[in-house]
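I set out to record what I looked up in this structure, entry by entry. The model shown below is a predicted one.

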Amino acid sequence: MYALNNDLLIQDIREGKVQAFEWVFREFYPVLCVEARGYISEKELIEELVGDVLCWLWLHRKEIDIQISLRAYLIKATHNACLRCLRQKTPEIIELNDSHQISTLYGFGESPLEYIISKELSDQINQAVEELPPQYKQVFIYSRYNELTYQQIAEKMNISVNAVKLYMKKALARLRSKL
C-alpha cells in the first residue's frame, strides 16, 4: 500500500495513523539497523539508536518537513544519530595505543576513493599532531578531540587560560605549516 506512495505515507504519519507508522517500522527498522552497523558495532546500541530515530519521527510527525523519500530521510537521521553517539564516545574511539588518532568513518554518500583520501589526510594530521611539542599537543588534543573549553583545559593542565590560547595558536600554526 505505501511501498509506491511516499507522499501518502508521510501524510498518514503526520495525521497520526498508527498503521502507517507500523508499516514504517516493519519496513525500515532492518534497513536502519544495517545503516547504523556501518558506524557502531554493539547490537543493543544500534537497536536503541534506531528505535530513538523512529520514536523521534513519531513524536515530531506534525512538525517535520520531508522533501525527499521517507526512507532517505530516515537513513540520514540514523546516520546523524550514529555520528552524535560517536562524538559523545570520542575518547574511547580515538585513544588507540596511547596515541591519539582521528577516526575516519566511511560516511554517508562518501565514495571509496573519498574515504581513502580522507584516511590519508587523517594519517597526515595524526603524524603532524604527534610531532607537536608535548604541551601544544596536549592542548590541541583536549580542545579538538575531547572538546574541552579553554577554561577546562587550563584547570586540567594547571596553567592559565592565556597559556592555553597561546599553545593552541602555536599548535595550529605548526599544523598549518606542516599540512
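**Entry 1: the main core.** I began with the largest nonpolar core, which has 29 residues; Leu9, Val24, Phe28, Ile40, Leu57, Leu70 and Leu74 are those that touch the most other members. I then asked which helices supply this core: α1 (6–14), α2 (18–37), α3 and α4 each give at least two residues. The largest share comes from α2, with eight residues. I also noted another core that lies apart from this one; it has 19 residues, among them Val129, Tyr136, Val139 and Tyr142. As general background, nonpolar side chains in soluble globular proteins tend to be buried together.

**Entry 2: the chain as a whole.** I counted nine helices and two strands. Along the sequence, I read the pattern as α-α-α-α-α-β-β-α-α-α-α. The chain has 179 residues, and 36% of them count as buried. I looked up the contacts with a separation of 6 or more, and 56% of these join residues 24 or more positions apart.

**Entry 3: the second largest pocket.** I recorded a volume of about 240 Å³ for the second largest pocket. Its lining consists of Leu49, Asp52, Val53, Trp56, Tyr73, Lys76, Ala77, Asn80, Ala81, Arg84, Cys85 and Gln88. I sorted the lining by class and found seven nonpolar, two polar and three charged residues. Both α3 (43–59) and α4 (70–88) supply at least two residues of the lining. The helix that gives the most is α4, with eight residues.

**Entry 4: Ala81.** I took up one of the lining residues of that pocket, Ala81, which is found in helix α4. Is Ala81 buried or exposed? Its relative accessible area is 7%, and the cut-off for buried is under 20%, so Ala81 is buried. Leaving aside neighbours within four places in sequence, I found Ala81 in contact with Leu49 and Val53. I also looked up the pair Ala81 and Asp52: they are 29 residues apart in sequence, and their C-alpha atoms are 8.7 Å apart in space.

**Entry 5: helix α7.** I checked the length of α7 (residues 134–145). Its twelve residues, at 1.5 Å a residue, should span 16 Å, and the end C-alpha atoms are 16 Å apart, so the two values agree. I listed the buried residues of this helix as Tyr136, Lys137, Val139, Phe140, Ile141, Tyr142, Ser143 and Tyr145. After α7 comes Glu147, for which I noted a positive phi, near 55°.

**Entry 6: Ser143.** Ser143 is found in helix α7. I recorded a relative accessible area of 13% for Ser143, which means that this residue is buried. Which residues does Ser143 touch, not counting those up to four places away in sequence? I found Leu148, Tyr150, Ile153 and Met168.

**Entry 7: Tyr167.** I placed Tyr167 in helix α9 (residues 161–178). With a relative accessible area of 18%, Tyr167 is buried, because the cut-off is under 20%. Not counting residues up to four places away in sequence, I found that Tyr167 touches Gln135, Tyr136, Val139 and Ile159. For the pair Tyr167 and Gln135, I noted a separation of 32 residues in sequence and 7.1 Å in space, C-alpha to C-alpha. Two of the residues that Tyr167 touches, Tyr136 and Val139, are among the buried residues of α7.

Key: Residues numbered from 1 in each chain as written. Predicted model: local features only at pLDDT ≥ 70, side-chain atom pairs only at ≥ 80, totals over all residues. Heavy atoms only, no water. 1 Å grid on protein atoms, 1.4 Å probe; cavity = no way out; pocket = protein on both sides within 12 Å on 5 of 7 lines; lining within 4 Å. Points joined across faces, edges and corners; volume = space filled by probe spheres on them. Helix = DSSP H or I, 4+ residues; strand = E, 2+ residues; numbered from the N terminus. Nonpolar A, V, L, I, M, F, W, Y, C, P; charged D, E, K, R; others polar. Core = buried A, V, L, I, M, F, W, Y, C linked by side-chain atoms within 4.5 Å. Buried < 20%, exposed > 50% of the residue type's maximum accessible area, 1.4 Å probe, protein only. Expected span 1.5 Å × (residues − 1). Contact = heavy atoms within 4.5 Å.
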